Amino acid sequence: MSYPPAMGPFERPQATPWSTPRGVAAVLEAWRTDAKLRRNLVLDQCLPPQAGRYAPLPPAMFPALAEALKARGIRELFTHQAEAYTLAAQGRDLVAATPTASGKSLCYNLPVLDTLGRTPTARAIYLFPTKALSRDQETALRALMTEAHLDGGAITYDGDTPGDARRSAREKTSILITNPDMLHTGILPHHASWARLFANLKYVVIDELHTYRGVMGSHLANVLRRLERVARFHGSTPVFIMASATIGNPAEHARRMLGREVALVGESGAPVGNRQVVVYNPPVVNAELGIRASYTKTAVRLAADLIRARVPTLIFGQSRNSVEVMLKYLRDAVADDKIAPELIQGYRGGYLANTRRAIESGLREGSVLGVVATNALELGIDIGMLDAVVCAGYPGSIAALWQRFGRAGRRGEQSLSVLVASSAPLDQYFASLPQALVGAPIEEARIDPDNIEILIQHLKCAAFEIPFAAGDGFRELPPGAVQDALDYLTSHEVLHASAGAGGKTLYHWSTDSYPANHVSLRSIGWDNVVIIDVERDLTIAELDWRSSHTMLHEQAIYQQEGEQYQVERLDLENHKAYVRKVEPDYYTTAMTYTRVAVIQEDAKQEISWHEHALNVGSGEVSVVEKIVGYKKIKFHSHENVGYGDVRLPEIQMHTAACWLTFSEALVAAVHAPRPAVVDAIRGLGNVMHTVAAVGLMTDPRDLGWTLGEGGEAGEAAHKDGSGVLFNPTLFFYDHVPGGIGLAERLFGERDTWLVRSRALLEGCACAGGCPACVGPPVGTVVGPNGVMNPTQATMALELPRKTMALALLELLGVPRLS
């Protein structure tokens, strides 16, 4: 018998009629040879591999630990791991900021375990942002400790920890694994019960530091202030080791988190395999309106190709609702290929812990082929070897995008990363400049630990834990600022001042309540809502209070694991939602109305390049959000098949904002129906929001915006024959209580902001407006003075929204970008 000659490295066996192409390469070839698909591949680039850089195991490493590493085949470290070990051994705080899957866990595990080997009584606290990540890391850490013959053990301490394990955590364990919420409410207020831990605390590890930004990061910085205060009370001064995915300012972010300088380990020595990066921009299906094909359905189609080729794939959706819709679509798409539904799973916040762990285990073991997830799987949970990631829509920041892309090829093999652009402005911005995704600077993480609303809550918690003495600081916060806050709390009878030893005034907690229970680190302070299946009398999930308004209002279709439930009753008072399983042909999406009112104007500036001026203000505002109704969206066709009313209380927040007020004279100068001009201002807001998000290098979801009434508090409305008029005002506000500095930066960059907005608008290829700039051209517009009559609507169509927005900028004399 003769055998065929050996194939070359780039040759492939001839396909047979009954064979199915397998692997990433086969799928890519099919996409490239499909003329329709190929036209919309705006980026198809291979990022070259990078060789690893190594350093020998430190000679001073605890011998048993070194032997355990060698038994695993680790005879040398990546250079960044060795650098982190050296810095920690010198007692220096550090942050390791290297890409996903670069082995950051050894940056903190090695110095901690080395210390435990030499000093068995030493203790360490590990903080992870989620329970799932804590459990995952506990398993890996305990295995390494066993191999290194370290007896102290590691225990996860969270809301799921049983009572006997909690006692062991307090009395015996060397490494306490927990999350910021549990440290805040369950450990620091009871530090006397944890005296052994705090008296011997040598290290505090904070993983996934990049996730702690905005309000959560500002809260965590204050929790760490309290942690260091408690540790100092018990006689210890721990070293902090932080790990972060790539962000634009890791050293600055870590410094703001700790209030002092932190050493940066920023050069990764880990090898990187070939990564094929593809950006797919769905085709335009309505040229007049600039509307493209559904990005979620397109992402499902591309993911289905990968699943059929047996490529382990992770699909990221933008929201919990879209994840459930995509999960249903993907299962339907591959049903004819004999791929069982259980091979494709959903993963998002709200799933119960045992459900999430089963999915994670299935990915590691290969019994799950595809997962549709929210950003809950961005973090470093070990989910085995994935070959492809498909992102349905730009996640809001380049840092988040590469965090998601990093989930594929985690073992240095070839991988595929796909971004399917939506019609949203930021998506289309990167679809038109796809090279920016592989070469643009990474966004910065920002926090404000001294935000007064956040700070005052943690000073109350700190006073409950250990009384303050007159003249005390709060870590880097000076004594004078702390004293002002203590006097304020004393005047409101929250604290009680009394004479202490040596005549020094002490400030004790004086109320009956337990302060930490009333301070939420992740939101503005409401508990989760439990979801109960009434037919089985079974709790199937839980949602945060804010999300319950949009996903669990009465008659909403709540989706979980590809199944649909109708909400029969939402009991907000008792935090329960009662649902019943149904089989509808539609899902629901909530409609939100936002109203902004100025509370205090801190700064004001008139911008004038021409005869007309624009008033720009900055200050404190009240933002009121209300769910006013919902739409019924048909599966697959996505047509709107009905509406419903929602009657829920408003959600109010005080935050910082920057606003731009368009005078009535400027509106009238456009020579178009007033409602159409106001609508063009709304379209201009869309453009300015995109420019602001890119310019600030922040997630656009952190910056809210809306069109409202005149920017100055108490401004009087004025009238003419057409009814009540107002000065249309664009509000851009920080989407967290108290603000984190975004609006203030916008006010400072107001001139550049407008110039770049004009450049984006003029650079858009559309004729009259599209979702990538001002939105589609208007037809019948409902303005603040009612619906345009047919004559006005005709005039508005002759002056499309984009044209009118440009006319406004021209009347203001906004210069072109030079």
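**Close-up views of a predicted model**

Residues are numbered from 1 along each chain as its sequence is written, and side-chain values use heavy atoms, leaving out hydrogens and water.

**View 1. The whole chain.** The protein chain holds 26 helices and 36 strands. These are DSSP runs, numbered from the N terminus: helices are H or I with at least four residues, strands E with at least two. Of the 818 residues, 54% are buried, meaning under 20% relative accessible area with a 1.4 Å probe, protein chains only.

**View 2. An open sheet of 5 strands.** The order is β23-β22-β26-β25-β24, with mixed pairing. Two strands pair if DSSP finds at least two bridges between them. β23 (538-543) and β24 (557-560) stand at the edges with a single partner strand each, so one side of each lacks a neighbour in the sheet.

**View 3. Strands β25 and β26.** β25 (residues 563-571) and β26 (residues 576-582) run antiparallel, joined by 7 bridges. Val567 stands opposite Val579 in β26.

**View 4. Helix α4.** This helix spans residues 79-89. His80, Gln81, Ala82, Ala84, Tyr85, Leu87 and Ala88 are buried there. Gly91 follows α4, and its phi is positive, near 80 degrees.

Conventions: Predicted model: local features only at pLDDT ≥ 70, side-chain atom pairs only at ≥ 80, totals over all residues. Buried < 20%, exposed > 50% of the residue type's maximum accessible area, 1.4 Å probe, protein only.
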